[in-house]
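The following note sets out numbered remarks on the structure shown below. The remarks move from a single residue to its surroundings and then to the fold.

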Amino acid sequence: EMLKKASIGVGIVGEEGSQAASAADYVISQFRYLSPLVLNHGSLCFDRLSKVILYFFYKNIVAVFINVLFIFWSGFSGTSIFEKWTLSLFNVVFTALLPLAVGILDQKCPRRQLLLEPRLYADGQRSR
């Protein structure tokens, strides 16, 4: 019941059985793996997700700003600087490829350092 109400459920497989593990989002075999899961995975996901969200805002602001500048330059003629296929390609390339690269390659600090200094996890909560 507790795993179903939580945002993310972590089940620990043990002598009691595997009922909790079948309802969990993440399954670990020992309790000592909980700290690396929370500190490493939680910190990296929070950091990467915040970067990707900011990137989406900046990407769309740039696209709209270019259109606004072109509206003034064209004398409010109603034409667009971009063709429809260009906008589709722009969104595919800059919406799919860059967040994928950030998710794979970006790391705030080494995983071992996150485990040794849990205060680094709090920096994300304070928006630093």
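**Remarks on the predicted model**

1. Lys59 lies in helix 3. The model is a predicted one, and the remarks below should be read accordingly. With a relative accessible area of 7%, Lys59 is buried, because this value falls under the 20% limit.

2. Which residues does Lys59 contact, leaving aside its neighbours within four places in sequence? The partners are Phe90, Asn91, Phe94 and Thr95.

3. Beyond residues up to four places away in sequence, Arg48 touches Val102, Gly103, Ile104 and Asp106.

4. The structure holds one salt bridge. Side chains of opposite charge can pair when their charged atoms come close. Here the side chains of Asp47 and Lys51 meet, with a distance of 3.7 Å from N to O. Asp47 and Lys51 are separated by about one helical turn, because they stand four residues apart in helix 3.

5. Lys51, in contrast, is partly exposed, with a relative accessible area of 36%.

6. A nonpolar patch on the surface is formed by Leu49, Ile53, Leu54, Phe57, Tyr58 and Ile61. Together these residues have about 650 Å² of accessible area. Phe57, one of the members of the patch, is placed in helix 3. At 53% relative accessibility Phe57 counts as exposed, because the value is over 50%.

7. How many aromatic pairs does a search of the whole structure find? The search finds three. One of them joins Tyr55 and Phe56 in a tilted arrangement, with 6.0 Å centre to centre and 45° between the planes. Tyr55 is buried, with a relative accessible area of 19%, whereas Phe56 counts as partly exposed at 27% relative accessibility.

8. Phe72 and Phe76 form an aromatic pair that is edge-to-face. Their ring centres are 5.3 Å apart, with 80° between the planes. The angle qualifies as edge-to-face because it is over 60 degrees. Both Phe72 and Phe76 are exposed.

9. Turning to the fold, the protein has six helices and two strands. Read from the N terminus on, the order of the elements is α-β-α-β-α-α-α-α. Among contacts between residues at least 6 apart in sequence, 47% join residues at least 24 apart.

10. The protein has 128 residues, of which 19% count as buried.

Definitions and conventions
Residues numbered from 1 in each chain as written. Predicted model: local features only at pLDDT ≥ 70, side-chain atom pairs only at ≥ 80, totals over all residues. Heavy atoms only, no water. Contact = heavy atoms within 4.5 Å. Salt bridge = Lys/Arg side-chain N within 4 Å of Asp/Glu carboxyl O. Buried < 20%, exposed > 50% of the residue type's maximum accessible area, 1.4 Å probe, protein only. Patch = residues over 30% accessible without salt bridge, like charges linked within 9 Å, V, L, I, M, F, W, Y side chains within 5 Å. Areas by Shrake-Rupley, 256 points an atom, 1.4 Å probe, with all protein chains shown as cover. Phe/Tyr/Trp six-rings, centres within 6.5 Å; stacked < 30°, edge-to-face > 60°.
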